[in-house]
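Trainee: Could you walk me through reading a sheet, a helix and a surface patch?
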Amino acid sequence: RLTVATGRALPAAAPFAAAIQPDALIVNGGALAMAGERVLLSRRIPEKVADRMTTACFRAGADIVTVET
């Protein structure tokens, strides 16, 4: 069995996973684990928390905040 793990997001890891064809893929720094199309684990930041974090970044002077969904 082969599992690939990366801190990258799924869209960035997908081409490498397609080439390697692992049995499982762990992405987003461990927040998402998949076996093929089947999601084994998904841990997301709650929407309200993400909104507060984004607001705090802008209040702190950030010009750009990138959020991946």
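Mentor: We take the sheet, then the helix, then the surface. Keep in mind that this is a predicted model.

Trainee: What order do the strands of the open sheet have?
Mentor: The general idea comes before the case. Strands of a sheet pair through backbone hydrogen bonds, either parallel or antiparallel. Here 4 strands form an open sheet in the order 1-2-3-4, with mixed pairing. Strand 1 and strand 4 (38–42) stand at the edges; each has a single partner strand, so one side of each lacks a neighbour in the sheet. On average, neighbouring strands are turned by 15° against each other, direction ignored.

Trainee: In which sense do strand 3 and strand 4 pair?
Mentor: Strand 3 (residues 32–35) pairs with strand 4 in the antiparallel sense, over 4 bridges. Within this pairing, look at Ala 35: Arg 38 in strand 4 stands opposite.

Trainee: Which strands does helix 1 lie across?
Mentor: Helix 1 lies across strand 1, strand 2 (24–27) and strand 3. Against strand 2, helix 1 runs at about 155°.

Trainee: Is Ala 5 buried or exposed?
Mentor: Exposed means over 50% relative accessible area. Ala 5 has 57%, so Ala 5 counts as exposed.

Trainee: Which residues make the nonpolar surface patch?
Mentor: Leu 2, Phe 16 and Ile 20 make the patch, which covers about 300 Å². Ile 20 lies in helix 1 (residues 10–20). With a relative accessible area of 46%, Ile 20 is partly exposed.

Note on methods
Residues are numbered from 1 along each chain as its sequence is written. This is a predicted model: local features need pLDDT of at least 70, side-chain atom pairs count only at pLDDT 80 or more; totals for chains, interfaces and linings use all residues. Side-chain values use heavy atoms; hydrogens and water are left out. Patches are made of residues with over 30% relative accessible area and no salt bridge: like charges are joined within 9 Å, nonpolar side chains (Val, Leu, Ile, Met, Phe, Trp, Tyr) within 5 Å. Accessible areas come from the Shrake-Rupley method with a 1.4 Å probe; for residues, only the protein chains shown count as cover. A salt bridge is a side-chain nitrogen of Lys or Arg within 4 Å of a carboxyl oxygen of Asp or Glu. Helices (H or I, at least four residues) and strands (E, at least two) are DSSP runs, numbered from the N terminus. Buried means under 20% relative accessible area, exposed over 50%, partly exposed in between (1.4 Å probe, protein chains only). Two strands pair if DSSP finds at least two bridges between them. Axes are lines fitted to C-alpha atoms, for helices over the stretch in contact, and angles run from 0 to 180 degrees between N-to-C directions. Contact means heavy atoms within 4.5 Å.
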